[in-house]
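Please keep the sequence and the structure in view while reading.

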Amino acid sequence: MAQLSDDCFAFGGPMMSVDEAVGLIAARVNKVEEIETVGLADADGRILAHDIAAPLPLPPFTNSAVDGYAVASRDLPKGEAEAFPVTGRVQAGASAGDAITARHAVRIFTGAPMPAGADTVFMQEDVTVEAGKVVLPAGLKPGANVRPAGEDIPLGFAALKAGQRLRPQDVALVAAFGLTHIQVCRRIRVAVFSTGNELVSPGEARAAPQLFDSNRFMLMAMLRRLGCEVSDLGIFADEKISLATALKRVAGQHDLLLTTGGVSTGEEDHVKAAVESAGSLVLWRMAIKPGRPVAMGIIGGTPFIGLPGNPVASFVTFVHVVRPTILALSGARQEKLMPMPVRAAFSYRKKISRREYVRVSLRRGADGVLEATKFPREGAGLLSSLADTDGLAELGEDVTQVSPGETIGFLSWASLIN
């Protein structure tokens, strides 16, 4: 299991900025060392364990980029069109055959290997064929319509780097190398639970003052999109001893313990006391809105993260705390979220020295520029503000006011959950 030193999140003084938090996680959390071998069909979304150097160049041989006629560039027509005898025909997948004869052309098809001596291809649309000869126009540049061996990737080039989350196009690249299996980091095992006597799981009987638990299912879905193996521990009651016992029991079987709710300082918020009983906890406050109260601790060497109970705050802090923790544990590269510039179509005021995330939808203005409109209601408990918008406007620590027409940064939901 992943190990975390007791002092690695110790922090005193003012609230930690988002960038400080992410940097601390990346620097201090040790990745899980176990490696698995998977087939190509199961490689999408996995974290590459080792660099993959090209075992052959791509393309592996010089070939035609079009259907047409191959010639030697030394024979290219200079001032006017010329007719060349056609001697030979090369299809994709066939041998190139004999070397080309001077002032002759070879019929060739896309992907077929170039005959020895030929280095230029005329597109079939640009020529005419008359009585066994092909009439080639003047003006074609030497080397046109030919894909040299290694043009895409040379032999030995480090095409894929360790720590990369494999995408479909990366899997295609591995397949083009002729490899059938890839070594990847094993999936991170995360135990997820909610706390609160006011919660029941969907499908269970709900008393009038109770709510159906939604955060747990949101977090599990987000974890699975990050490639984690998720254990659903359900809902724990607000009771210190039973909660501490349960945490001790599951800690050694997982790389991360994640909960939502019960991490504030209210009299009925028992997660802090339970974690302190089962291990150690440093209450960590981030300079972020929504989502300031975030708890991080260690239980038997396993990291613990407690997120706020309000769904929007839980979502936002997952992105900035849990996501980088998962990436660090899995050995994946930490990639900074890059907001897309859009135009604000709303006014907003905020406190300095705190990063804020505003739920927005995109529309195209009268001049065609993308602009962001703010969700009409406030509140970190509004699930509809996550479901009915396109993403978050990121307002940095130095921003105190946004006015219509200003450029702001936009993070789409897709960029935050994949």
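The largest cavity holds about 80 Å³ of space, with the volume taken as the space filled by probe spheres set on the points. Of the 13 residues that line this largest cavity, Ile-47, Arg-187, Leu-226, Gly-227 and Ser-330 are the closest to its centre, where lining residues have an atom within 4 Å of a point.

By class, the lining is made up of six nonpolar, three polar and four charged residues; Ala, Val, Leu, Ile, Met, Phe, Trp, Tyr, Cys and Pro count as nonpolar, Asp, Glu, Lys and Arg as charged, and the others, Gly among them, as polar.

## Basis of the model

The model is predicted, and local features need pLDDT of at least 70, while side-chain atom pairs count only at pLDDT 80 or more and totals for chains, interfaces and linings use all residues. Residues are numbered from 1 along each chain as its sequence is written, and side-chain values use heavy atoms, with hydrogens and water left out.

## Helix H3 and its end

Helix H3 spans residues 215–225, and its buried residues include Asn-215, Arg-216, Met-218, Leu-219, Met-220, Met-222 and Leu-223, buried meaning under 20% relative accessible area with a 1.4 Å probe and protein chains only.

## Helix packing

The axes of H3 and H6 come within 11 Å and cross at roughly 30°, so these helices are roughly parallel to each other (angles under 35 degrees). Helix H1 (residues 18–28) and helix H6 (residues 311–330) have axes that come within 9 Å and cross at roughly 25°, and H1 and H6 are therefore roughly parallel to each other as well.

Helix H4 (residues 240–251) packs against helix H5 (residues 271–278) at an angle of about 50°, with their axes 8 Å apart.

## A loop residue

Arg-103 lies in the loop between strand E5 (82–90) and strand E6 (105–108). At 41% relative accessibility, Arg-103 counts as partly exposed, the class between buried and exposed, the latter being over 50%.

Technical notes. Helix = DSSP H or I, 4+ residues; strand = E, 2+ residues; numbered from the N terminus. 1 Å grid on protein atoms, 1.4 Å probe; cavity = no way out; pocket = protein on both sides within 12 Å on 5 of 7 lines; lining within 4 Å. Axes fitted to C-alpha atoms, helices over the stretch in contact; angles between N-to-C directions. Parallel < 35°, antiparallel > 145°, perpendicular 65-115°, else oblique.
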